[in-house]
Amino acid sequence: MVTTSGFTHAPVSRFLILGSIATSVLTSILDIKHLLPIKPTPHLWPYLQFSRLLTFQLSYTSSTELLFSTALFYHFRVLERLWGSRKYASFVAVVFFLNILLLPTITLVLKAASLGVYNYIPAGLATVAFAALSAWRDEIPRLYRYKIVTSTGTSTGTGPDGQQVPGIVFSDKSTTYLLAAQLALSQFPYQVLPAAVGWTIGSAWMGELLPGGLGRWRIPSWIVGETSKRKERGQYEGLRRRLEEEGSSADGMRNVSDNVDRVEGSGRRGFGRQILGYFTGS
């Protein structure tokens with residue numbers, strides 16, 4: 001199977017990875033990591049720092065989370081190539097803004113249910129990563145499976161008597177799920193909730209269950225460097241006119257050439273045929 005390496009035809013994935021790395025390094029240099037996570041109490045109340053709702057997803061506070069997240073986004077570049085950059089960017093934008101509403105709300109509910117024990121929202125794009133993981137699971141098929149044999153004595157798939165050798169079956173997707181599990185278990189248990197919210201949003205997107213037709217919403221095409229359909233139609237219309245003009249001019253030149261050949265052919269007729277043609281009109 002021929003695969004495309006790197007970030008070819010995946011500008012959104014490149015932006016997510018390089019942006020996450022750049023913002024994480026910048027916040028570490030400026031020593032402002034403490035401004036990213038959210039504690040509903042006291043950040044949202046009584047301090048009223050609602051600006052944190054817009055910034056807590058922009059950077060990671062842990063290099064481990066950054067590593068696993070960027071590795072996942074690199075895996076998901078095949079999803080962008082399958083969907084196209086515009087649809088994938090729209091998906092990321094919808095998940096990003098829905099997470100601003102859902103994650104703090106659910107955290108407040110858990111805070112009240114746990115009598116104030118659960119009071120932390122970790123920073124980073126874990127929700128976007130798990131939403132993309134949900135879509136990637138449905139859209140990208142597995143290529144192969146393999147088994148790790150747990151018994152001794154044989155390394156084949158079946159034993160001497162034809163019975164299956166006990167072992168653990170994996171697929172080419174297993175390593176991606178392992179990275180996602182490590183990301184979800186970091187800062188346990190606080191990173192589990194963003195992972196669950198992201199998986200739910202991704203599943204709702206794939207099932208077209210998001211309210212207001214958000215699953216069909218698309219960002220403007222110029223954001224990802226694509227031309228609009230109207231502009232494409234204009235380009236194709238101009239190309240069609242040009243081809244028609246060239247075709248008509250070619251037909252005209254062909255007619256002129258035929259007339260010239262006919263005249264030259266008549267000029268090359270013998271004297272007797274010319275006299276005969278004068279009386280017969282040919």
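Modeller: Start with D138 and R137: they form a salt bridge, with the closest N and O atoms 3.2 Å apart. That term needs a side-chain nitrogen of Lys or Arg within 4 Å of a carboxyl oxygen of Asp or Glu. This is a predicted model, so local features need pLDDT of at least 70, side-chain atom pairs count only at pLDDT 80 or more, and totals for chains, interfaces and linings use all residues. Numbering runs from 1 along each chain as its sequence is written, and side-chain values use heavy atoms, without hydrogens and water.

Colleague: How many salt bridges in the whole structure?

Modeller: The search finds 1.

Colleague: New topic. Which residues are closest to the centre of the second largest pocket?

Modeller: V12, F15, L16, V92 and F96, out of 18 lining residues. A pocket is an open set of points on a 1 Å grid over the protein atoms alone, where a 1.4 Å probe fits, with protein on both sides within 12 Å along at least five of seven lines; lining residues have an atom within 4 Å of a point.

Colleague: Which helix gives the most to that lining?

Modeller: α1, with 7 residues. Helices here are DSSP runs (H or I, at least four residues), numbered from the N terminus.

Notes:
Helix = DSSP H or I, 4+ residues; strand = E, 2+ residues; numbered from the N terminus.
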